[in-house]
Amino acid sequence: DIPFRSGAGGEIHSLYTTTFRMEQLLLTTTVADAFPPTLGHVVTGGKTSVLGFLAGCTVFFVLGLPIWLLSMVVPEWSLYATTVLGIFGIGKAVMRMIVFPGSSHRVQLDIEAEFARYSVRMLESGAGAVIDIASTILSSSKAIPPTTVVHNNGSTKRFGLGGDTNSSMWKRACSYRDRVLVVYASVLSSLLRDRTANANTSNFTSNPPTSLLGSDVGNLGRVTLSAQSDGRILLALLQKVLHLMKTLEDGLGPTNSLPDETIQETAKALLNSATELRDLLPSFKPQGGDDENGNESSHGGDAHAGNEDLEETSLDAVRQQLGQQGGSVLDTVKSGIEFVVSMLDPPLHTSIFGMDALRGCVLSRYKGARQLWVQRPKGGMIDAMHIPAILPDSELETSPGSRRRTNRKAVLYCNPNAGLIEVATGLSLAGGNVVPSSDETSPESWVDFYTQNGYDIYLFNYAGFGRSFGQSVCGVDSRIADYSSYGTGFLSRTYRILRSSLMGFKPAPDTLRADAAAVGRHIIHDMRVESLAIHGESIGGLAATGATRQLTMDGTTRNKIALLICDRTFCNLPAVAQRLLGRWSGTAVQMLEPLWNTDVAADYLAVPCPKVVANDAADMIVNDVSSLKSGVAFSTEIRKQQTTKGSGCILDSPMEYQLSEWENVGVLESNYLKPSMSISPPKWPRDRYVTLGEAFHFAACVRRIGKVATHSKNQISSGSEEEGVELSQTIFMNGMNESEEARKNLPKRQDQDLLSAWRALSCCDGLCGSPLGRSLNDCNDGTISWLCTTLTFGGQIVVEAAEKRLAAMEITSPDKKRIVVKPSDFDTRPNGYAKLEAADKMIFPIPIPEVVSKLDEMRKGQSAATNLVQRELEFCIGMLDYIITRLSSAQTSELYTTNSSLQLPCGAFKKLHCGHNNQFSAEERLRLQEILTKSSLLRGQSHV
């Protein structure tokens with residue numbers, strides 16, 4: 001403090017105090033500091049604040065004026081009711097858009113635009129390959145020695161090209177011909193109803209995509225007439241290029257049927273046609289698309305036009321740019337309105353490469369693929385695809401009354417919420433079986449995976465997605481209507497928006513289940529499939545479980561269901577919303593759609609057929625606590641399968657644990673705790689299950705140990721980490737690097753035991769994907785979920801490890817149901833993990849028996865630090881010991897044998913490490929193949 005004299009010095013003191021206080025006020029954190037950058041600029045700038053305030057007043061006036069005028073005509077209560085219903089309806093529409101984005105027209109527009117850009121790139125590359133080989137032939141001499149060229153279909157021919165370089169160029173051109181040019185020519189021929197051209201196209205290659213001739217791939221109803229006209233021009237050029245390539249191939253063949261002059265003329269004509277094709281293709285790019293460099297272009301594909309405008313620096317140019325910036329607000333408002341309107345009433349596609357062309361490209365890549373229409377039980381039709389596997393005749397049978405050779409086993413694939421059958425195999429032309437691949441590559445999609453493993457696969461769009469439609473309020477809402485009379489006026493667009501918004505069909509969880517069940521019945525009854533596996537990914541798991549439950553309750557289809565695969569699925573929708581947006585969102589979902597039944601766990605547990613749940617504990621979309629794995633484990637362990645309602649949702653911790661957390665004391669040291677309260681860990685076999693109270697106490701003990709350990713470490717290292725945020729330095733998954741700061745800030749000797757105890761406890765392997773410490777990110781719910789999943793599904797992993805150990809030792813147990821589990825069977829770390837941790841600074845989860853051994857040794861040491869959490873350590877040791885004893889018991893080894901785990905009420909568990917939207921790894925695909933094999937062996941047995 002600085003002393004000041006009275007009198008004149010008082011003015012200096014007052015000025016200093018005022019300045020100091022103002023500086024403190026300016027440095028004080030306010031709510032505006034937490035705003036996003038866009039709002040931050042509005043509230044921190046004087047001019048922007050005034051403009052923002054005026055804009056808010058204007059919006060309020062514009063919205064409030066109609067209501068004020070209506071209040072003079074209608075009663076006040078009706079205005080309030082209309083406002084509430086309007087907000088409620090908007091909320092329902094927004095939630096439905098988030099839950100079912102695949103039903104949004106905007107998603108389809110984005111898919112069409114991306115497919116158009118991809119198609120143009122592929123055709124340009126194909127045209128370039130043809131130009132290269134034509135130019136090479138024109139520059140070659142007349143005397144050309146023959147060269148052997150191997151085609152994509154495996155056949156070999158001798159061509160007069162000469163040299164390895166020319167041979168590779170011809171092979172590259174043939175590859176583009178078979179995979180790109182022929183595919184697009186066949187698709188356009190089918191879409192434009194040019195059957196003669198389609199038949200002629202099949203003569204240009206040894207691998208014609210004949211599956212399109214009998215399939216309803218679309219009628220180009222959503223494409224403008226000018227785009228269809230451009231498509232006919234493109235088709236004519238493609239056919240011309242293919243015809244000239246065929247002529248040139250015959251002339252360069254071993255017979256040399258054409259003279260050199262004719263070959264030169266044909267090559268010149270081919271060069272001109274391919275050049276014309278390449279020059280035409282940029283006009284097919286969607287407006288506002290990306291150029292080859294990824295930059296946005298609005299000059300019809302001319303990437304240089306925009307650069308010339310940027311080079312103008314004259315005064316008029318600057319004034320023009322300022323004028324454009326002045327109208328940017330209005331342009332932003334207009335673009336926002338156009339975006340919303342396009343979602344409600346999408347415009348016609350201006351390129352021939354729309355959803356119909358994409359659908360045709362999917363079918364053209366697989367031999368025998370075809371499109372099907374399946375009748376919905378409550379009105380409407382379902383758009384489906386059948387893609388058969390390539391099998392020998394010995395594994396096929398002829399259906400009664402039909403010449404079609406059918407496969408005995410098939411897979412019904414249920415799409416995720418943003419999935420459509422048109423993109424089920426990706427937007428690329430990779431994969432398929434029409435053109436054999438010379439190299440061994442991993443499957444590009446689930447279609448390739450199942451067809452390569454001998455399964456036919458059926459894909460379908462839910463009603464309201466793509467071309468599938470259902471019963472609307474006023475009759476059938478056809479999504480495949482004829483758009484020849486598509487009006488662009490205000491009244492026409494308003495009519496379509498009102499019709500689709502108020503009377504159109506809206507997808508719901510029950511409609512997804514009904515659609516999947518309808519397709520399943522069609523596959524079994526009409527397609528004569530004897531063994532059907534149903535695979536549901538993400539929200540497709542909701543449809544898959546519901547359909548499987550319905551089909552297994554029907555006596556005519558019960559024994560036909562071989563396997564249910566729930567792939568990265570949630571247990572219920574409110575649980576997912578709570579983990580993504582907050583606790584309020586779960587209540588909002590239930591209020592906006594009170595009739596929705598999204599309880600996937602209930603359907604899964606009720607299914608009697610073999611089943612498997614696959615989950616990635618690090619999934620960024622479906623949180624591990626809200627996953628189907630956790631919901632099934634919680635309902636099985638805590639609620640004894642009596643109910644699944646609310647599984648995966650946020651749980652309220654008991655008041656005694658909240659008070660101990662607030663007092664920052666041990667879980668049994670709170671002043672508000674009842675004196676009679678005493679919880680002891682469960683004992684096996686006396687306690688067959690863990691109670692909710694024991695699970696909460698275990699979670700509180702783990703959290704308390706982590707808080708005290710982190711607080712001790714922070715005091716030593718003088719770190720800035722707050723007390724209670726105990727996960728940053730101790731949680732490591734497989735392949736995650738250890739923090740360098742954690743190694744530098746070594747604690748003092750007296751706290752080594754406590755920190756070592758926490759490190760071992762936080763890295764405790766739960767056998768189902770994540771260590772114990774990571775579960776604390778979701779508070780007590782995460783720890784309870786970790787405990788339930790370990791007890792429910794951990795036995796499968798342990799028993800499988802014991803069987804592998806016995807098989808490696810070539811030991812056959814005389815009684816397979818009496819496999820003895822050893823502590824080493826809990827260890828999921830790879831061989832040589834110690835070297836990996838030392839060299840790469842990697843930390844792997846520690847097996848539970850090793851964690852118990854370390855904790856018990858530290859507890860017996862009676863150090864001052866561990867005495868602070870003595871009771872918590874004892875309870876954690878008791879709970880972990882219960883896990884070991886229960887999973888190692890003879891009852892568990894008998895229950896979780898390899899051949900019966902699929903038929904248990906909780907099913908089999910498959911641990912993933914691929915995220916939410918990625919394909920399975922090679923190891924995960926191999927594991928799925930084993931499950932498919934086991935399920936086929938189990939089919940026909942009585943369901944448990």
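The model is predicted, so local features need pLDDT of at least 70, side-chain atom pairs count only at pLDDT 80 or more, and totals for chains, interfaces and linings use all residues. Residues are numbered from 1 along each chain as its sequence is written, and side-chain values use heavy atoms, with hydrogens and water left out.

**Exercise 1. Find the partner of Arg513 in a salt bridge, and say where the two residues sit.**

Step 1: start with the cut-off, a side-chain nitrogen of Lys or Arg within 4 Å of a carboxyl oxygen of Asp or Glu. By this rule the count comes to 33 salt bridges.

Step 2: Arg513 pairs with Asp603, and their closest N and O atoms are 3.1 Å apart.

Step 3: Arg513 is in helix H16 (residues 509–525) and Asp603 in helix H20 (residues 600–606), 90 residues apart, so the pair links distant parts of the chain. Helices here are DSSP runs (H or I, at least four residues), numbered from the N terminus.

Step 4: check the cover. Both Arg513 and Asp603 are buried, where buried means under 20% relative accessible area, exposed over 50%, and partly exposed in between (1.4 Å probe, protein chains only).

**Exercise 2. Classify Arg177 and Asp178 as buried or exposed.**

Step 1: these residues form a salt bridge, the closest N and O atoms being 3.0 Å apart.

Step 2: Asp178 has 3% relative accessibility, so it counts as buried. Arg177 also comes out at 3% and counts as buried.

**Exercise 3. Describe how helix H29 (residues 848–861) packs against helix H31 (residues 870–887).**

Step 1: their axes come within 10 Å and cross at roughly 150 degrees. Axes are lines fitted to C-alpha atoms over the stretch in contact, and angles run from 0 to 180 degrees between N-to-C directions.

Step 2: that makes H29 roughly antiparallel to H31, a label for angles over 145 degrees.

Definitions and conventions
Helix = DSSP H or I, 4+ residues; strand = E, 2+ residues; numbered from the N terminus. Parallel < 35°, antiparallel > 145°, perpendicular 65-115°, else oblique.
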